[in-house]
Every structure is written in C-alpha cells, then in structure tokens.
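Trainee: I have just opened this model and would like to learn how to read it. Could you walk me through it, one feature at a time?

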Amino acid sequence: MNLEEFIRQNRSGFEEDGPGPDVWAALEKQLPQPRKERGRVVAMMARHWWKAAILVALIANAGLLVKYLNTRQPVAVVIPEIREMETYYSARIEQKLETLKQLPAAETGLDSLTMKELELRNDTYKMLEKELAANPGNERVRAAMIRYYQMKLELLDKILEEQNKYANDSTSTSTEKHVL
C-alpha cells in the first residue's frame, strides 16, 4: 500500500469536523476581554477624576475670592459706630490742630517733626485702621482706636492750655512792668 492508497481509504477520517463548539467556548473564555470603547475625554476623566475635582475647587475658590475683594467695603461704612466716632473725634482734633497751627512756632516750641506726629492720620492711626479693617469685630482694636483719639485730644488740650497759660503770664508780666 502506498501513501496515495492510504489517503483514499482513510479520507473520511481526515475530513472530520474541527473541535466542537464547547472547545471554542472554553477558548474564548480564556482570551482577554476586549475593552469597551469610551470617549477619550471620558476615559481621561475616569483616570484623573481627583485632579479634575481639585481644579474645579481651585477655580471656584478664585471666583469667590475675586467676588469678596470686589465687595469689600471700608470698615467705617460697615460699622456705623466707628464712622460716628471718627467723625466726632476727627472734627475736634482738626479744630484744635488749626488753633495750634495759627500760633507762631516760636511761641509753641513745637518743631515740624512734633507737628507731624500731632497730625490726625499718623502711622499709629494708619496701623490701627488696618487692624480694624482686618478684624472689624475685635473690641480691643475698637477700644484702641477710641483711646488713640482720646489721648490725641488730651495732648492737644494740654498743649493749648500751656500755651494759654504762657500767654497770660507774659501779658501779666508786661502789664506789671508797665505799672511799675
């Protein structure tokens, strides 16, 4: 028997059906499952969702900060008592400063540095104003501002009182000289 005859006799054995459907199903289960196709942006968002959440939070905070800075009002407008206090004390201090400025510098004995320190809005005042703007509800800062105004008024009163006393003494001395 040669090979050709062997093939003819067993031809039906060579033409069997392939593996059964159970074999193919088992093989398919072993293969890796293909990924479901999602949009590129959705896939990227799924991987980096926490970064996107942080970005959204930062943008929201920046928006709120800009809104807060645009609506921030001066403390005097927000707190009416402070405005009234500033108006009252500022008017009295300015009046006394004007009286003091009308006197000759030689009589008062106050140099320009001292006069600058006596001005209403000096460095201490500006510092207190900043503190009050940063802490509008802080009673200690309010009390410090009130005390600042009171001390400035007391100081100006003392200077003017001493000036009046000096002026009265000098006129009485000159009058005594004329009498003698």
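**A first residue, then the whole chain**

Mentor: Let's start with P136, which is partly exposed, with a relative accessible area of 33%. The scale behind that label is simple: buried means under 20% relative accessible area, exposed over 50%, and partly exposed in between, with a 1.4 Å probe and protein chains only. Keep in mind that this is a predicted model, where local features need pLDDT of at least 70, side-chain atom pairs count only at pLDDT 80 or more, and totals for chains, interfaces and linings use all residues. Residues are numbered from 1 along each chain as its sequence is written, and side-chain values use heavy atoms, leaving out hydrogens and water.

Trainee: Where is the place of P136?

Mentor: P136 sits in the loop between α10 and α11. The helix names follow a rule: helices (H or I, at least four residues) and strands (E, at least two) are DSSP runs, numbered from the N terminus. For contacts, look for heavy atoms within 4.5 Å. Not counting residues up to four places away in sequence, P136 touches I79 and R142. Its C-alpha atom is 9.7 Å from that of I82, although P136 and I82 are 54 residues apart along the chain.

Trainee: How many helices and strands does the protein have?

Mentor: There are 11 helices and zero strands. Of the 180 residues in the protein, 18% are buried.

Trainee: Which residues have the most contacts inside the largest nonpolar core?

Mentor: A nonpolar core is a set of buried Ala, Val, Leu, Ile, Met, Phe, Trp, Tyr and Cys residues joined through side-chain atoms within 4.5 Å. The largest one here has 22 residues, and those with the most contacts inside it are I93, L100, L118, M145 and Y149. At least two residues of this core come from each of α7 (80-102), α9 (112-118), α10 (123-134) and α11 (139-179). The largest share, eight residues, is supplied by α11. As an example, M145 touches M85, E86, Y125, L128 and L132, not counting residues up to four places away in sequence.

Trainee: How many aromatic pairs does the structure hold?

Mentor: Such a pair is described by the distance of the centres and the angle of the planes. Rings of Phe, Tyr and Trp (its six-membered ring) pair if their centres lie within 6.5 Å; planes under 30 degrees apart count as stacked, over 60 as edge-to-face and the rest as tilted. The structure holds five aromatic pairs, and ring pairs link Y88, Y89, Y125, Y148 and Y149 into a cluster.

Trainee: What is the count of salt bridges?

Mentor: A salt bridge is a side-chain nitrogen of Lys or Arg within 4 Å of a carboxyl oxygen of Asp or Glu, and the count by this rule is four. One of them joins K96 and D157, at 2.8 Å from N to O. This pair links distant parts of the chain, with K96 in helix α7 and D157 in helix α11, 61 residues apart. K96 counts as buried because its relative accessibility is 17%, while D157 is partly exposed at 30%.

Trainee: Which helix holds both E4 and R8?

Mentor: E4 and R8 both lie in helix α1 (residues 3-9), four residues apart, about one turn of the helix. In general, an α-helix has 3.6 residues a turn, so residues three or four places apart point the same way. The closest N and O atoms of the E4 and R8 salt bridge are 2.6 Å apart, and R8 is exposed at 60% relative accessibility.

Trainee: Is K152 buried or exposed?

Mentor: K152 counts as buried, because its relative accessibility is 7%. This lysine lies in helix α11. Leaving aside neighbours within four places in sequence, K152 is in contact with I93, E117, L118, E119, L120 and N122.
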